[in-house]
Amino acid sequence: MMNDLSEQMKRSWDGGARNHPYFCVASGPQYLGDDIDYDRYYGSGEDAVSAMFLHAGWTPGERARALEIGCGTGRITQALAKRFAFVDAIDVSSEMVRIAERDLANIKNVRFHVTNGIDLKKFPDARFDYACSELVFRHIPSREVIRTYLLETGRILNHGGRFAFQFNGKRAWDVARLFTGSKYVLRSLYSSARRYLGLGHVDPGYTLAAAWRGTRFSATEVRRTAELAGLMVDQFIGEGSDQMWVIGHKPASTAGQRDGR
Ligand SMILES: C[S@@+](CC[C@H](N)C(=O)[O-])C[C@H]1O[C@@H](n2cnc3c(N)ncnc32)[C@H](O)[C@@H]1O
């Protein structure tokens, strides 16, 4: 089921990136088509990163290394590259990464990776001093994937490392989402059963709309999962909103492990 989900997320975001990559990242009619104001577009990434650091009240050390989850065309990545010694930026969509590599070709302290959109297995423990993600988790249609990213952040962050993640933290009971979610689960079960019986593959019917709508992840769920991951939540900004920011850190080790660079 996770493989299906990974494939579907890739297909959806690749499709969007082939047509209107900048619009898919920062929705707004000014970002439709190719003739966009790149200074304004990439400048909005600079504003976003300044705000993340303002809220975190933290300045990275000279050798600090950052991970960005869901980098899109590199709007945020290029601003991170000015503040960190090195940035690893991942995305489920190879089309998005292709555009990011083209647009940011002059920036040498960044490496882009196309990943499965599900976990951070390709990175070793305690690799990063900072992890961030904006406008991504709110589009992921699986709570399990969001939870995995948070748990994995506890593993890949250095002691003393920081994180800033944005979620759809809405509390409201949304019947439409429940309906979409159960429809996908039923179709996935039907699809798996057909494959098991040798009756051939049918697409579970997951659509770009589902990848775009994503799912909610409440402040309570963030707190619980962060605790399991060994992370501390320092503040929620816009708690309960569909653009809820969570800023936190991995506490310094008491066992003499290396603390933030
Ligand atoms: C709305 S764009 C935001 C891009 C970037 N964070 C920014 O703010 O400029 C969402 C990006 O997340 C990526 N994405 C969606 N689901 C993902 C997942 N499960 N893992 C990694 N990237 C994902 C999409 O391919 C897309 O590039």
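Strand β2 is largely enclosed by the rest of the structure, because 5 of its 6 residues are buried (20 or more other C-beta atoms within 10 Å of the residue's own; 12 or fewer is exposed, in between is partly exposed, with C-beta atoms placed from the backbone). The model is predicted: local features need pLDDT of at least 70, side-chain atom pairs count only at pLDDT 80 or more, and totals for chains, interfaces and linings use all residues. Residues are numbered from 1 along each chain as its sequence is written.

**Overall content**

- The protein chain holds 9 helices and 7 strands, taken as DSSP runs numbered from the N terminus (helices are H or I with at least four residues, strands are E with at least two).
- Of the 261 residues of the protein chain, 39% count as buried.
- Among contacts between residues at least 6 apart in sequence, 69% join residues at least 24 apart; a contact is a pair of residues whose C-beta atoms, placed from the backbone, lie within 7 Å.

**The sheet**

- The 7 strands form an open sheet of mixed pairing, in the order β3-β2-β1-β4-β5-β7-β6.
- β3 (110–114) and β6 (232–237) are the edge strands, and each pairs on one side only.
- From one strand to the next, the twist averages 15°; axes are lines fitted to C-alpha atoms, for helices over the stretch in contact, and angles run from 0 to 180 degrees between N-to-C directions.
- Two strands count as paired if DSSP finds at least two bridges between them.
- In general, strands of a sheet pair through backbone hydrogen bonds, either parallel or antiparallel.

**Parallel pairs around β2**

- Strand β1 (residues 65–69) runs parallel to β2, and 5 bridges join them.
- Glutamate 68 stands opposite alanine 89 in β2.
- β2 also pairs with β3 in the parallel sense, over 5 bridges.
- Phenylalanine 112 in β3 is the bridge partner of alanine 89.

**Antiparallel pairs around β7**

- Strand β5 (residues 157–167) and strand β7 (residues 244–249) run antiparallel and are joined by 6 bridges.
- In this part of the sheet, phenylalanine 167 stands opposite methionine 244 in β7.
- β6 and β7 run antiparallel as well, with 5 bridges between them.
- Methionine 232 has histidine 249 in β7 as its bridge partner.
- The hairpin of β6 and β7 has 6 residues between the strands, and glycine 238 there takes a positive phi near 70°.

**Helix α9**

- Helix α9 (residues 219–228) lies across β5, β6 and β7 and runs at about 165° to β6.
- Val222, Thr225 and Ala226 are the buried residues of α9.
- These residues cover an arc of only 100° around the axis, so they are on the same side of α9; the arc is that of the directions from the helix axis to the C-beta atoms.
- Thr220, Glu227 and Leu228 are exposed on the other side of α9.
- The buried residues of α9 pack against α6 (143–156), β5, β6 and β7.

**Ligand shell**

- There are 22 residues around the ligand, and Trp13, Gly70, Gly72, Arg75 and Gly117 come nearest; a residue is near a molecule or strand if its C-beta atom, placed from the backbone, lies within 6 Å of it.
- α1 (2–19) and β2 (86–91) are the elements that give two or more residues to this shell.
- By class, the shell residues divide into 13 nonpolar, 6 polar and 3 charged.
- In this division Ala, Val, Leu, Ile, Met, Phe, Trp, Tyr, Cys and Pro count as nonpolar, Asp, Glu, Lys and Arg as charged, and the others, Gly among them, as polar.

**Two single residues**

- Leucine 157 is in strand β5 and is buried, with 26 other C-beta atoms within 10 Å.
- Neighbours within four places in sequence aside, leucine 157 is in contact with Ala126, Phe128, Ala131, Phe163 and Lys250.
- Proline 124 is 33 residues from leucine 157 in sequence, and the two are 9.4 Å apart in space, C-alpha to C-alpha.
- Arginine 102 is in helix α5 (residues 94–103) and counts as exposed, with 10 C-beta neighbours inside 10 Å.
- The C-alpha atoms of arginine 102 and threonine 73 are separated by 8.9 Å, with the residues 29 apart along the chain.

Methods. Contact = placed C-beta atoms within 7 Å.
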